Structure formats: structure tokens, C-alpha cells
Amino acid sequence: MPSALPIADPAPRDGLITPGPDAGAVPFGVYVHVPFCRVRCGYCDFNTYTASELRGVRRDDYAGHAVREIEWAATVLDRSGVPRRPVSTVFFGGGTPTMLPASDLVMILRAIDDTWGILPGAEITTEANPDSVDAESIATLQRGGFTRMSYGMQSAVPHVLATLDRTHDPLRVPVVVDLAKQQGLDVSLDLIYSTPGESLADWRTSLDAAVACAPDHVSAYSLIVEDGTAMGRAVSRGELPAPDDDLAADMYDLADEVFGAAGYSWYEVSNWSRGPEHASRHNLSYWKGHDWWGVGPGAHSSVAGTRWWNVKHPAPYANRVLDRVSPAAGRETLDAETRYVERVLLAARVRGELTTSELRQEARGRVAGLIARGLVDGSAAVRGRIDLTRTGRLLADAVVRELLD
């Protein structure tokens with residue numbers, strides 16, 4: 001089942017927030033969570049629901065509920081005194097957003113445009129499984145304003161896909177990549193490595209298959225076996241081997257080598273693109289601390305120094321938005337210390353984003369040691385930036401801890 005929501009302050013029914021001193025000073029994006037999947041993958045603890053789990057609500061009604069939240073959001077921001085800014089990025093995630101008709105996704109996007117306005121050249125992305133789209137749906141998305149498809153490829157090796165409970169045919173991936181390219185859309189492929197039973201040779205097969213598709217962007221995430229998932233239970237019972245940290249490091253090294261040789265440059269620890277223009281601007285907005293409104297069950301928002309998250313199940317979410325009360329389950333106000341910690345934690349992962357001048361004096365004094373240990377790029381540090389080396393990316397959490405201690 002999906003993981004639990006954070007414990008925090010209760011959220012007021014009116015949803016009003018007290019804006020901080022820099023309210024409206026940073027770019028604004030929208031995330032739309034579509035919490036539907038055909039099957040639940042054994043490793044997944046995201047807030048998703050199969051048909052049998054949708055008690056008291058219909059998937060067909062979801063787009064209308066999302067539009068109601070978007071319309072309600074405008075009232076909340078106006079009454080809170082937070083300037084409404086045009087949207088620079090929109091990201092539809094899940095779940096599998098493309099389980100909804102493409103026309104429903106376009107309807108939600110139009111509501112976002114009507115409420116906030118979408119900037120010219122904005123990045124508009126939807127995630128999709130390779131078996132959840134076809135030529136017609138992709139064309140509908142493109143005509144409706146979408147600019148980017150992010151496909152959950154995960155692996156090109158059948159036994160790895162089976163362990164992950166992924167149901168798509170790996171041969172479908174190059175087909176849907178080409179369909180998106182024919183519509184002039186940017187394409188990203190998401191990969192997972194360190195799946196139980198996956199060898200380095202298996203991973204090389206997946207990397208080569210991804211590169212052969214010539215996407216604009218690739219992501220590669222090390223599998224985390226979460227408690228409470230089917231895979232977590234299988235590992236705890238000894239039915240599946242636990243991921244091996246040393247093998248995972250070798251897989252990351254191989255990914256960086258293969259992607260680099262194919263013309264992709266890393267810009268975040270787990271992300272590579274053909275150039276800055278193809279980086280995921282929406283994800284960068286999270287790492288850079290921009291504002292966003294999260295629409296949908298379980299979606300998180302961060303606006304003007306206040307962060308909140310919606311109730312998780314689609315049924316109570318629908319009831320709240322139809323009653324025009326906040327769908328939020330909890331919220332928190334970010335103080336200066338939390339902002340600093342999050343800034344270092346997130347910006348350190350992004351190439352060229354964290355500057356030495358932002359660090360506290362004691363942290364700046366540790367940079368030389370990080371360079372000596374091969375974790376931070378020395379030439380970048382001379383220019384005032386904290387850029388992780390490949391080894392530093394593998395040990396990013398340790399680097400951040402040292403900068404924050």
C-alpha cells in the first residue's frame with residue numbers, strides 16, 4: 001500500500017496561508033497527481049490505486065475533481081494575498097496519468113492555463129507507461145499543449161521487468177519514443193537499476209537499449225526496497241535477494257560511462273540530458289526551491305513558505321474539493337533553518353547550482369577536504385561552485401551531511 005503521509009500541523013479547511021516576505025519572487029509550477037495504475041508494481045509505495053481499490057469514487061470523474069481543485073486554488077491564493085504567477089512548468093505524474101483519456105489530461109491543462117496562465121515556451125510533461133499510449137493519444141496531447149513525454153522504461157530485460165511487476169513489452173519502448181518524436185515532443189526515459197537478480201550485463205543491455213532510442217533525457221534511479229511493499233516482504237522472507245550496494249555503485253558508474261559516450265551530460269545525480277535545454281525544468285524547480293501547487297490525492301504543494309499535502313485516497317479527496325474545502329491532510333511552515341538545510345540537501349545534487357558563498361563558514365572550511373577525497377570537483381570549487389565528482393554523486397548523502405554538520 002502507499003506510504004504514510006508526514007505528521008505535521010493540521011490544515012485549515014479554508015486553505016489560507018500566510019505568505020512569507022518573498023512571496024511571488026520565485027517561478028511557479030503545477031504538479032498533477034493521477035493516482036491510477038492497471039496493476040500495483042511490487043516495489044512501489046507511491047500513492048496509486050488499482051480499480052479494485054477505488055472505493056466510493058470513479059476514475060472517470062477524476063479530471064473534473066482536479067479542475068475543481070485548480071479553480072479553488074485561485075481563490076485560496078487571492079484571499080491569502082499571494083500573487084498569482086503564470087506557470088513555467090506542469091508535470092503530470094502518478095500512477096499512470098495516461099490511464100486517463102488524453103482529452104482529460106488536456107482538460108486539466110486548460111484549467112491550469114485559465115487559472116494561472118501558462119508562459120510561452122513552458123515545459124508541459126506527462127509520465128506514461130509504454131503500453132498506455134498510442135499514436136492518437138500522443139497526437140491529442142501534443143495538440144493540447146504538452147511538450148514532453150516521460151516513459152517508464154525501467155529495463156529492457158524481461159526477467160528484470162517481471163521482478164518489478166512491470167507489464168509492458170520492452171519492444172514497445174522504441175515504438176512510443178518514435179511516436180512522440182514524430183509529434184515534435186521531447187522524450188525522457190526512466191530506468192531503474194539494482195533490481196534483485198539483475199546482473200551488470202542485464203543493466204548494460206538496458207542502457208544500450210535506452211541509448212539506441214536516442215531520447216532527449218534519461219533518468220536512472222537505484223531501486224529502494226521499501227517496507228510494506230510486496231517486494232519488501234519478499235526480500236525479508238528471503239525469496240528475493242536484497243540489492244547489493246557495491247553492484248549498485250558499479251551500475252551507476254556504467255550508466256554514467258554509457259550515457260557520457262552517447263552525448264548525455266549529468267545535471268543531477270540521477271539525471272542526464274543531451275543539453276541544458278532538454279533537462280527536466282519541472283524537477284529542477286523542486287531542487288532549486290521554486291513554488292508549486294500540487295493537484296490531486298496525496299499531492300504535495302509548496303507556496304510562499306508553506307508546504308502541505310492532500311489526503312491520499314481519491315474518495316475523500318473528491319468529497320473535499322466538491323465541498324470547496326481544503327483537501328490538505330497536513331501542513332508545515334518552513335523556518336529559516338529548514339530552508340537552509342533543504343537548500344544544501346537539494347542544490348548539492350544539481351550540477352552548478354550550489355555555491356560556496358551560500359554555505360556557512362564551517363561548511364566552507366570542509367570543502368578542501370571533500371576535494372582532497374575526490375568527492376567535489378576542485379576546478380568548479382575555485383569558481384565558487386560545489387559540483388560533485390562521479391564518486392561524490394555515489395556518496396552524495398555523505399557529502400551533504402558533512403556540509404550540514
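## Lining of the largest cavity

The lining of the largest cavity divides into 9 nonpolar, 3 polar and 2 charged residues, where Ala, Val, Leu, Ile, Met, Phe, Trp, Tyr, Cys and Pro count as nonpolar, Asp, Glu, Lys and Arg as charged, and the others, Gly among them, as polar. This is a predicted model, in which local features need pLDDT of at least 70 and side-chain atom pairs count only at pLDDT 80 or more, whereas totals for chains, interfaces and linings use all residues. Residues are numbered from 1 along each chain as its sequence is written, and side-chain values use heavy atoms, with hydrogens and water left out.

The volume of the largest cavity is about 90 Å³, and of the 14 residues lining this cavity, Gly 15, Trp 72, Trp 308, Ser 326 and Ala 328 are the closest to its centre. A cavity is a set of points, on a 1 Å grid over the protein atoms alone, where a 1.4 Å probe fits but cannot get out, and lining residues have an atom within 4 Å of a point. The largest share of the lining, 3 residues, comes from H1; helices (H or I, at least four residues) and strands (E, at least two) are DSSP runs, numbered from the N terminus.

## The second largest cavity

The second largest cavity has a volume of about 30 Å³, and its lining includes Phe 36, Tyr 62, His 65 and Tyr 317. Two or more lining residues come from each of H1 and helix H10 (314–322), with H10 giving the most, 3 residues.

## The nonpolar core

In the largest nonpolar core there are 99 residues, and those with the most contacts inside it are Ile 108, Trp 116, Tyr 151, Trp 293 and Leu 403. Such a core is a set of buried Ala, Val, Leu, Ile, Met, Phe, Trp, Tyr and Cys residues joined through side-chain atoms within 4.5 Å. Helix H1 (residues 62–80) provides the largest share of this core, 9 residues. Beyond its neighbours within four places in sequence, Ile 108 is in contact (heavy atoms within 4.5 Å) with residues including Tyr 62, Ala 66, Ile 70 and Phe 92.

## Ser 132

Ser 132 is found in the loop between strand S3 (118–128) and helix H3 (135–143). Its relative accessible area is 14%, so Ser 132 is buried, a term that means under 20% (1.4 Å probe, protein chains only). The side chain of Ser 132 makes a polar contact with the side chain of Thr 98 at 2.6 Å; a polar contact is a pair of N or O atoms within 3.5 Å, of which, within protein, one must be able to donate a hydrogen and the other to accept it, and residues adjacent in sequence count only if both atoms are side-chain atoms.

Methods:
Buried means under 20% relative accessible area, exposed over 50%, partly exposed in between (1.4 Å probe, protein chains only). On a 1 Å grid over the protein atoms alone, a cavity is a set of points where a 1.4 Å probe fits but cannot get out, and a pocket is an open set with protein on both sides within 12 Å along at least five of seven lines; lining residues have an atom within 4 Å of a point. Grid points are joined across faces, edges and corners, and a volume is the space filled by probe spheres set on the points.
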